[in-house]
Amino acid sequence: MSSESNSRVPIVSGNWKMNHNHFDAIQFVQKLSYLLTKDDYNNVEITIHPPFTDIRSVQTLIDVDEVRIGLGAQHCHWEEKGAFTGEVSASFLTKLNVRYVICGHSERRELFGQTDEDVNRLIVSIVKAGMTPILCVGETLTERETGRTTAKVMGQVSAALQGRTPEQVSQMVIAYEPIWAIGTGRTATAGDAQAVVGAIRSQILESFGERAAMNIRLQYGGSVKASNIAEIMSQPDIDGVLVGGASLDPAEFARIIQFRLR
Ligand code: PGA
């Protein structure tokens with residue numbers, strides 16, 4: 001959009017979903033940090049989002065070995081504490097140095113009934129706890145085929161961000177993840193992904209002003225791998241990727257982080 005857009009640091013995030021126990025997680029971080037160079041850390045912000053049960057182990061390893069990987073979670077609850085069996089609050093995560101929380105992932109929306117209103121509350125609690133939300137939005141295949149992609153995605157973005165200040169929005173990350181591309185091996189073409197991500201940035205510009213639009217980082221997610229990363233990252237409004245399946249293998253994830261070398 002302008003020269004200022006070049007100042008956005010690329011962000012590559014690994015969403016492990018319900019994979020890797022805490023033993024696997026330790027091995028993963030050790031292998032990944034062995035594969036990455038100082039240059040990689042200087043050029044790309046890296047976050048990993050292990051299951052809750054792994055977080056303490058990963059935190060300890062990252063702290064002790066001074067690994068420059070941002071610790072993320074996949075979910076939390078918007079309440080501080082109370083009778084919410086099975087849930088974890090945002091402030092519990094900050095105590096473990098978690099800095100990013102994925103919210104509104106299509107799997108949470110579709111499998112666990114998360115609504116736009118829930119996602120809005122979640123963002124409030126994540127920001128209040130001092131962490132960065134990674135907000136996921138995206139359309140189903142039917143919505144795409146019936147020309148409703150923009151309406152769906154823009155609706156999710158505006159519902160999720162309602163009540164946020166431009167300053168808060170400028171620090172956030174939004175991941176555009178077409179649902180039909182998640183875990184299917186099908187990727188949106190880089191041009192299609194750019195079109196939607198560009199529209200999200202324009203929407204942020206309209207609702208929250210230029211500073212927020214220039215600073216917010218926008219990711220693409222959905223079957224990202226080492227073989228398609230370079231094309232995805234070459235799009236002007238795509239500042240990073242949210243990676244599922246391909247983030248489980250340290251070698252493949254390292255190749256994705258090293259997209260600038262491809
Ligand atoms: P995938 O998952 O890379 O396996 O398609 C992406 C995601 O769900 O975040």
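1. Over the ring of which residue does the charged end of Arg108 sit? The ring is that of Phe112, and the charged end of Arg108 lies 4.1 Å from its centre, where a charge counts as sitting over a ring if NZ of Lys or CZ of Arg is within 6 Å of the ring centre and within 35 degrees of the ring normal.

2. A word on the basis of these remarks: this is a predicted model, in which local features need pLDDT of at least 70 and side-chain atom pairs count only at pLDDT 80 or more, while totals for chains, interfaces and linings use all residues. Residues are numbered from 1 along each chain as its sequence is written, and side-chain values use heavy atoms, with hydrogens and water left out.

3. The structure holds three aromatic pairs (rings of Phe, Tyr and Trp, the last by its six-membered ring, with centres within 6.5 Å; planes under 30 degrees apart are stacked, over 60 edge-to-face and the rest tilted). Trp16 and Phe28 form an edge-to-face pair, at 4.7 Å centre to centre and 70° between the planes. Trp16 lies in the loop between β1 (11–15) and α1 (22–35) and Phe28 in helix α1, so the pair ties together parts that are 12 residues apart in sequence; helices (H or I, at least four residues) and strands (E, at least two) are DSSP runs, numbered from the N terminus. Both Trp16 and Phe28 are buried (under 20% relative accessible area, with exposed over 50% and partly exposed in between, for a 1.4 Å probe and protein chains only), and ring pairs link these two residues and Phe253 into a cluster.

4. In the largest nonpolar core, which has 70 residues, Leu161, Ile174, Ile200 and Ile204 touch the most other members; such a core is a set of buried Ala, Val, Leu, Ile, Met, Phe, Trp, Tyr and Cys residues joined through side-chain atoms within 4.5 Å. Helix α10 (residues 190–208) supplies the largest share of this core, six residues.

5. For helix α3 (residues 52–65), 14 residues at 1.5 Å a residue should span 20 Å, and the end C-alpha atoms are 21 Å apart, which agrees (the expected span is 1.5 Å times one less than the number of residues). The buried residues of α3 pack against α1, β2 (45–49), β3 (70–73) and α4 (90–94), with contact meaning heavy atoms within 4.5 Å. Just after α3, Glu66 takes a positive phi of about 50°.

6. Ser170 is placed in helix α9 (residues 166–170) and counts as buried, at 7% relative accessibility.
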